[in-house]
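Work through the two exercises below with the sequence and the structure in view, and try each task before you read its solution.

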Amino acid sequence: MTTQAQDQSEIFNGTAAVGFKDARSADGTDTRAIPAFVFGEELAALADSDPRVVVLTADLGRSNRALDFAARHPDRFVNVGIAEKNMVTIAAGMASCGYVPFAATFGSFAALLCAEQIRTDCAYPGLPVRIVGHHSGMSMGFYGTSHHSLEDLGMMRTIAGLTVVCATDAHHLRALLRLSLHHPGAMYLRLGRGRDPQVYDAVPDLVPGRAVTLRDGDDLTIIATGSETHPALEAAAILAERGVSARVLDMWTISPLDRDAVRAAAAETGAILTVEEGNVTGGLGSAVAEVLADAGVSVPLRRHGVPDEHVPVGPPAALYAHYQLDAPGIAAVAQDLLKGSQA
Amino acid sequence: MGERPVPPTATAGTDLIERLSERARFVRTETVRLTRIAGAGHYSAVFSCAELFSVLYYSRLRIDPARPDWPGRDRFVLSKGHAAIGLYPVLADLGYFDPSELDTYTRLGSPFGDHPDMNKIPGVDFSSGSLGHGLSVSVGMALAGRLSSLDYRVYCMLGDGELAEGQVWEAAMAASHFGLGNVVAIVDANQLGIDGFVRDVMAAEPIEQRFAAFGWQTHRVDGHDLRALLEVFGALPDQAGRRPQVIIADTIKGKGVKRMELSPDWHVGNLAGADYDDVMAELGRGEGS
């Protein structure tokens, strides 16, 4: 992790005393290391050579940096105001006329408020609309339940014909956006709050439907996604110091899920810990459990995430610690899983 | 722009009126016939907009059935998707597909269900079914047209009951904010929803004032008067203008069949035996029109 990323991580973890507005425009930091911050910029670059790219938002162009796109391609930027359902369906209308719209708002509003528009207007007609749900999980902390996006993975992955992917860091987000230009159907892109520490040294070559093995190991596999990938890697390092060898997968592709990688993890490492910043019901953990059940494979499995409850108010870092979704917490849960599997 | 196919008919002479009237009757009889195939279906919501379908498809829309995907075509979004059963025969009649395919209506695997599917039916510009989405789709299509420098119009047909959906007004606000003079909303104000009169369930009126307050230019017309419809469609300002247009068509749900007119019992129904023959005869006589 770079020093700058560490600084951001402190903001992210709530140790730096900054407000939402200040953190968003932190001076002197490499904003390109921050996922949501590259969203508008990367799309602006892609749009230079691809006239199909248009960006929509619902009065959140500052939060998701769609304004970086608007500055370069004002004619291809549509701000619909606080009207998310309208935004998603307008995007579908544009897609039916040959455009590739990226419609961005907070994950909770995108997935929960617009679930029907995403299913009926985007996924069902197979239109290349990209729904961008940013500030996912508990990353909005004390903004509370309305702004927490804990159900989106569970909801979105039950929609047929909808590809569901999670951005891991800035480089990864760039890769996802580039990949998305050539994807034929509708897509839900889950982004963090924009302060996820760097996992990838460069823009990775992603293969559609294939997870990335970030670290190999023998004792268990930690399957993480999105903003939980970095702490999962850190947890693996902690576990290594304790003599536990953990494989770490970045399961950025939620639907379709990389079933081969899950089956291989079960066969080769014996135990699986899924880690996600969301309700454990219906999300990544459920998806992995389904693969094992369908394959008739029984290995120790722990679905780690937010239990089926509404989370309390608090800064994000406090919430991650509360739910053991930080690196020490994940390491502890992993050891507990292994202890149980040996009993 | 390139090629611009000439609409099937162009002038508002007596022959045209007769032809449009005959095509409206065709919409109704085909609806009755197809509903019998399915065993149930929406009659009255189609009967209220039969003249609107006729005027749009046989005199107004700039379309080319030989090229359903022609980028420069006018778009038609059937936001009140349950009137699809009346749209399918029109599309077949215009040559988008073989009319014999209609007889698969609602059968397993048929392209023709109760609501239109853009991926299965040539000539359908957008899938619909859930009410309240169509005007947003139209705004998207209109923005795309402007961005592509294409001079097509987007026509969107809504029901008056559908106006209770909040998303309609999100779209109405957006259309005027973005200055989309290439959007034409058509409200089939047939006065009835499933549970009864719109005015009793959730009043949509005053529709004109409401659209006007959202920045739209409004037109109100008897939706069964073909001459009046031709006039109002013909008088629309150029689509390059900045004001979205709405045509509020006062119609009668079930128009054309006395027993169905303004009766909530016929939102979905079926006719069999002598009833079927009676209704077909009544439509043939054209007493209700």
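A salt bridge is a side-chain nitrogen of Lys or Arg within 4 Å of a carboxyl oxygen of Asp or Glu, and by this rule the count comes to 30 salt bridges over all chains. The model is predicted, so that local features need pLDDT of at least 70 and side-chain atom pairs count only at pLDDT 80 or more, while totals for chains, interfaces and linings use all residues. Residues are numbered from 1 along each chain as its sequence is written, chains are lettered from A and ligands numbered from 1 in the order in which they are written, and side-chain values use heavy atoms, with hydrogens and water left out.

**Exercise 1.** Describe the salt bridge of Glu51(B) and state whether its two residues are buried or exposed.

*Solution.* Next, taking buried as under 20% relative accessible area, exposed as over 50% and partly exposed as in between (1.4 Å probe, protein chains only), both Glu51(B) at 4% and Arg28(B) at 1% count as buried.

**Exercise 2.** Which salt bridge joins chain B and chain A?

*Solution.* The rule finds one across this interface, and Glu170(B) forms it with Lys85(A) at 3.5 Å between the closest N and O atoms.
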